[in-house]
Amino acid sequence: MISAELVDLSRWQFALTSMYHFIFVPLTLGLSFMLVVMEACYLVTGKEAYKDMTKFWGKLFGINFALGVATGITMEFQFGTNWAYYSHYVGDIFGAPLAIEGLMAFFLESTFIGLFFFGWTRLKKGTHFIVTLMMALGSNLSALWILIANAWMQYPIGSEFNFETMRMEMTDFFAVILSPWAQAKFGHTIAAGYMTGALFVLAISAYYLLKGRDIDFAKRSLRIAAAFGLVVSLFTIHLGDESGYLVAKDQPAKMAAMEAAWETHPAPAPMTVFGFPDEATQTTRFNVEIPWLFGIIATRSLDTPIPGIKDIVAENTTRIENGVHALETLSALRRDPNNAVLREQFSEVQKDLGYGMLLRKYTDEPSRATEEMIAQAAKDTIPNVNIMFWSFRAMVGCGIALLLIFALNLYFSVKGSIVSKRTLLKLTFFALPLPWIACELGWLVAEYGRQPWSIYEVLPTHLSTSTLSASSVMGSLIGFVVLYSALLVVEMWLMKRLVKTGPSFLGTGRYFFEQNQTNGKGE
């Protein structure tokens, strides 16, 4: 059996490197299209203020993009170093969108980023705007292909298991890229990234207004960010609802854990707004419920029940028992691959093959698994309820808070009184971490909620690792944490330095520090 310590360390390493990387990704996505909006304003109005805005926020985008690339490159290598069996088992499918991302999106994005920064004096206004637009599209295409790969892990469509090669093989490329999971994950993720970029611009603009610096520049930036942020916030909420619908339909264990739904309620089920889940007693204490809401949102109907954790565990126990039969049939079929009867028998139980593999965490011979092992494996199919329950609610809370912040800032900006709303400006500035918290929690819900599967219902996580020593993984884990922490400190230092200087670094003579220096010399 694979060492549990090795599996846990490998998971921690990939989780930490991914979460570090995703500190940079949403800001890249969000700022890229913020720059498109700002430069479009410059193209239409011809006002130099919008050009200055595009250059200033573009400089911050460039710093973030560079650090994002540095932290992202190592992630794809980890599939080969730490998750070798995963790469062997599903590499033909999972590797395709990653390869396309590298060949198409990354080089497109990188090329146009260079033109964006060095083309201001060499390209016409309209041409440079097209460059900015293509740069933003490249960023989004990069996210698209990565999210297609991740969506397949959540919902492995367009593929089938080949008993002769003992691998998953792609049967329909277009089913993979047009999966409803891929569409929902892409839309929700990039919309959350747009919110991050909008809040970033909004918070820094609020900081300038609080300091009484570069007022016109800050007011223009704030209004664009507030309007953009409000629109994409509404899209994020809508697309989050679509993702929740797919989870309820295709991953009932994840949905049950998110809602601490221990029992299967009569349809439509109530939603628990607040409570304290107790996994030991499988109850939720002090719970506050809204009747019908969970059932209506999750199933979009009044008569579709949502299975509770107890019923899911019972169903998965049966599937694990069927999976043991699938493993035995597969073993016989491997010995006699031309036996039509065995082929037919295997096709009947093949869908539960992955459930049988869950037992390999406890025994090398699933056919000899005890009832206790089967019961524990069935229990493993439910992620930790408290982590899922609170992470989901914290994510939603952050999203609602951001929606209100965007709406209030836009309202007072349009009224022309935003400068006097110092309490709101302070709240806006201190809300800067909220979109990152929401994004990280969203990925925690999505990825931790998929456990114990690396490929949902196909390949258990504990079978996906490489044959490494735990000490070597621990060493690389420590190295990554140190390196990525250093890179994060570097980015924050560079960002802080540029933000404190503000648009004065552009050297136009129109902004705070330049004017103060000029006045000082005049005196």
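Strands here are DSSP runs of E with at least two residues, helices are runs of H or I with at least four, and both are numbered from the N terminus. Two strands pair if DSSP finds at least two bridges between them. Within this pairing, Phe274 stands opposite Val288 in β4. Four residues lie between the two strands, and Gln282 takes a positive phi near 55° in this hairpin.

Before going on, a word about the model: it is predicted, so local features need pLDDT of at least 70 and side-chain atom pairs count only at pLDDT 80 or more, while totals for chains, interfaces and linings use all residues. Residues are numbered from 1 along each chain as its sequence is written, and side-chain values use heavy atoms, with hydrogens and water left out.

Now for the charges. Side chains of opposite charge can pair when their charged atoms come close. A salt bridge here is a side-chain nitrogen of Lys or Arg within 4 Å of a carboxyl oxygen of Asp or Glu, and the structure holds 14 of them. In one, Arg167 meets Asp92, with the closest N and O atoms 3.0 Å apart. This pair links distant parts of the chain, since Arg167 is in strand β2 (residues 167–170) and Asp92 is in helix α3 (residues 84–118), 75 residues apart.

How open are such partners? Buried means under 20% relative accessible area, exposed over 50%, and partly exposed in between (1.4 Å probe, protein chains only). Arg167 is partly exposed at 21%, and Asp92 is partly exposed at 41%. Asp352 and Lys351 also form a salt bridge (3.8 Å, N to O); Asp352 counts as buried at 2%, whereas Lys351 is exposed at 56%. Salt bridges with shared partners join Arg319, Lys351, Asp352 and Glu457 into one network.

Finally, look at the rings. Rings of Phe, Tyr and Trp (its six-membered ring) pair if their centres lie within 6.5 Å; planes under 30 degrees apart count as stacked, over 60 as edge-to-face and the rest as tilted. By this rule there are 35 aromatic pairs. Phe56 and Trp57 form an edge-to-face pair, 4.9 Å centre to centre with 70° between the planes, and both residues are buried. The rings of Tyr155 and Trp181 are stacked because their centres are 6.4 Å apart and their planes are at 25°.
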